Amino acid sequence: SYTTDSKSREENKKTLENLYSLSVDITKIRRLKEWVLLQDVAYVKEIAAILQEMGADETTVASIIERCPEAILHTPAEINSQRALWQLVCQNEKQLIKLIEQFPESFFTTEYQQNQKANILFFQELGLKNNIITRFLTSAPNIFYNPVEKNKNVIETLQRNYLNLGGSEANMKIWILKLLSQNPFILLNTSTAIQENLEFLQKNDFTDQEVLQLLSKLKGFIFQLNSTTMQKSMLFSKNTFKCSDQELKQLVLKCPALLYYSVPVLEERLEGLLKEGISIAQIRETPMVLELTTQIIQYRIKKLSALGYDIKSGNLESLNGTKKDFEVAYGKIQSKKERPIFNPVAPLHIED
């Protein structure tokens, strides 16, 4: 919406002077978004004053403007409205300025203020804690750009399906809030897409209880898929592991990544494991290793091999899990190796 036509290709001298006075590194702005410097009107001093009023020091103000130069093109009225909006979920201005410093672009997107406000109030009504809503505002700001009716629609679809699948009314709120806090991007899907994906699972003989289990395990990522990619991934797994439909279903329940990752990703990860000398039978036994990237697998195998642990002959459980899980498993193997063999009934030879 800003003019960048060639007629006014000259940088605005007043803007430059004001930026210099704030110790802003103008070369960074030229490299990032030079068009900001070409605009006829900019509110450098005013925006800096608002940020300072919130508690930002000179270095912080300069850093914010360098990282998000278009901040200076917003009117003070727009920024004050945005400030009031974010204060609905921030404990105080100290927290607010910290968020602006970390995520300036999220804060300075002011075009959807009405939608943002309606969605903040809707999330609060739903029971989401303010700290979760601030996390959404910074890491998933586009869910606030939706009209609130669309977000309500998606939530209602989830609630309806949860109850239809046998979930209880008493647990529904907790389930919805957990799903949202794990993956707010669910709200960028349409109600139709959500419905189609659930129907796909039911057509593939997953029971209502199993579908609910998958939804919780996948943290809502299932709603970002489509039936075509899920079908391809399942077929790939069936051929790879040479299993029946029932066995495949059990594998998917054990490792939902078989449903979530595309065929090229699964192929690459499988290839990486086979190169390390791991067999298909071992992977079938512990399919969760396919959730890890080839680099992570290589790193973990290398660490275990250094302890003399042969991954080819054992099971893959020790490779599994989060970084923390792996460190715990690694620590156990290490302490086992370092522990001296001690026979409690052997006589002790003590010199007189």
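How many residues does helix α17 have, and how far does α17 reach from its first C-alpha to its last? Select residues 263-275: α17 has 13 residues and reaches 18 Å, close to the 18 Å expected at 1.5 Å a residue (that is, 1.5 Å times one less than its number of residues). Helices here are DSSP runs of H or I, at least four residues, numbered from the N terminus.

Before you go on, a word on the numbers: this is a predicted model, where local features need pLDDT of at least 70, side-chain atom pairs count only at pLDDT 80 or more, and totals for chains, interfaces and linings use all residues. Residues are numbered from 1 along each chain as its sequence is written, and side-chain values use heavy atoms, with hydrogens and water left out.

Stay on α17 and show side chains. Leu266, Arg269, Leu270, Gly272 and Leu273 are buried (under 20% relative accessible area; exposed is over 50% and partly exposed in between, with a 1.4 Å probe and protein chains only). They lie on the same side of α17, because they cover an arc of only 160° around the axis (taken from the directions from the helix axis to the C-beta atoms). Turn to the other side of α17 and you'll find Pro264 and Lys275 exposed. After α17 comes Gly277, with a positive phi near 90°.

Next, pick residues 113-126, helix α8. Its buried residues are Gln116, Asn119, Ile120, Phe122, Phe123 and Leu126. Seen down the axis of α8, these fall within an arc of 165°, so they line one face of the helix. Gln114 and Glu125 are exposed on the other side of α8. The cover over the buried residues includes α5, α9, α10 and α11. Just after α8, look for Gly127, whose phi is positive, about 110°.

Keep α9 (130-139) and α11 (169-182) on screen. Ile132, Arg135 and Phe136 in α9 meet Leu180, Ser181 and Gln182 in α11, where contact means heavy atoms within 4.5 Å. The residues of this contact divide into 3 nonpolar, 2 polar and 1 charged.

Last stop: Gln224, in the loop between α13 and α14. Leaving aside neighbours within four places in sequence, Gln224 is in contact with Asn183, Phe185, Ile186 and Asn189.

Terms used
Helices (H or I, at least four residues) and strands (E, at least two) are DSSP runs, numbered from the N terminus. Ala, Val, Leu, Ile, Met, Phe, Trp, Tyr, Cys and Pro count as nonpolar, Asp, Glu, Lys and Arg as charged, and the others, Gly among them, as polar.
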